[in-house]
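Dear colleague,

Please find below the structure that I am handing over to you. My notes on what was found in it follow directly after.

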Amino acid sequence: MLPQDVAGEAIDPASAATQMPEAPDPAQQDATSAEAAADGAAFARLYGEPLLKLPNDLYIPPDALEIFLDAFEGPLDLLLYLIRKQNFNILDIPMAQVTLQYLKYVEQIRLSNLELAAEYLLMAAMLIEIKSRMLLPQRHHDIEIEAEDPRAELVRRLLEYEQIKLAAYDLNALPQVDRDFVRTQIFIEQSLVPVWPDVSPTDLQDAWRGLLKRATLKQHHKITREELSVREHMTIILRRLQSQRFVEFADLFDTEGGVPVLVVNFVAMLELAKETLIEITQAEPFAPIYVRLAYSPA
């Protein structure tokens, strides 16, 4: 006999089995709880599996997970940031507030990186010195003579640094290759079959004329050394004077031999006159010059 519900209708066992909730599996519950516990103790998940301990050959330095929200390029950069952030007048810097904020930041970076904090500590010492000089009472002599503001040198350095920083920002804003744009490259496919130009007979004639013109410009002239002897020309002059008593000066020279022969012949004549073997005479000014053998007494 089939079971009946409250209304008295018969209930199908198959449908009743589908409608009734299944009892939870104890093994599945244990696996789920173990996985949740493993995820809580795991450092990370690798390929879906929880990583419960770090590998032996993996080293993570202590500073690897540090996050710096504000990175400054130096003490002046930090000081300028503090002044501009609070809208202070750079020509009238409130040294007490700025120094206090500066020292707080230096203390933070000193704890993490002592080498980086060294240059910041130098600026901190300068700020404290300026602050102390401003707190000192002025003497009567200093009141009469207007003293220089201790902040003047710091203001000058801050203004110069700000100008350089703005100029660097403007330069960085200019378009740069491979950052803002890329050079266009065009590949031209050249034909594998060479196309030779047409040559006319007129082009060959012009090329031949140019070749002949260049050949005439490259002619060579060889200069040889002519052997001329002064003693030989001295002998020739003496022989000629022995046959004639007086010989005119111009008749002793052969103009067809060229300038070198004339020069050597003239030097030979001067040597003969130096050795008193010949005499060079002239009857009166502008008269012909004659050459004769020197008189030797018997």
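I begin with Phe286, which lies in the loop between strand E4 (278-282) and strand E5 (289-293); helices (H or I, at least four residues) and strands (E, at least two) are DSSP runs, numbered from the N terminus. Phe286 is not a glycine, yet its phi is positive, about 65 degrees. With 86% relative accessibility, Phe286 counts as exposed, where exposed means over 50% relative accessible area, buried under 20%, and partly exposed in between (1.4 Å probe, protein chains only).

Please note that this is a predicted model, in which local features need pLDDT of at least 70, side-chain atom pairs count only at pLDDT 80 or more, and totals for chains, interfaces and linings use all residues. Residues are numbered from 1 along each chain as its sequence is written, and side-chain values use heavy atoms, with hydrogens and water left out.

The protein as a whole has ten helices and five strands. Of its 298 residues, 17% are buried. Its accessible surface comes to about 25,300 Å², and 58% of this belongs to carbon and sulfur atoms; such areas come from the Shrake-Rupley method with a 1.4 Å probe, and for residues only the protein chains shown count as cover.

E4 and E5 run antiparallel and are joined by five bridges. Ile280 stands opposite Val291 in E5. Contact here means heavy atoms within 4.5 Å, while axes are lines fitted to C-alpha atoms, for helices over the stretch in contact, and angles run from 0 to 180 degrees between N-to-C directions.

Most residues other than glycine have a negative phi. Asn87 is found in the loop between H3 and helix H4 (95-112), and it counts as exposed because its relative accessibility is 69%. Helix H3 (residues 75-85), by contrast, is mostly covered, with eight of its eleven residues buried; among them are Pro75, Asp77 and Ile83.

Is Arg151 buried or exposed? Arg151 counts as buried, because its relative accessibility is 10%. Its place is in the loop between helix H6 (140-144) and helix H7 (152-173). Leaving aside neighbours within four places in sequence, Arg151 is in contact with Asp92, Ile93, Met95, Ile130 and Met134.

Finally, Trp208, Leu211 and Leu212 form a nonpolar patch on the surface, with about 310 Å² of accessible area together. Patches are made of residues with over 30% relative accessible area and no salt bridge, like charges being joined within 9 Å and nonpolar side chains (Val, Leu, Ile, Met, Phe, Trp, Tyr) within 5 Å; a salt bridge is a side-chain nitrogen of Lys or Arg within 4 Å of a carboxyl oxygen of Asp or Glu. Leu212 is located in helix H8 (residues 201-216) and, at 41% relative accessibility, counts as partly exposed.

With kind regards

Conventions: Two strands pair if DSSP finds at least two bridges between them.
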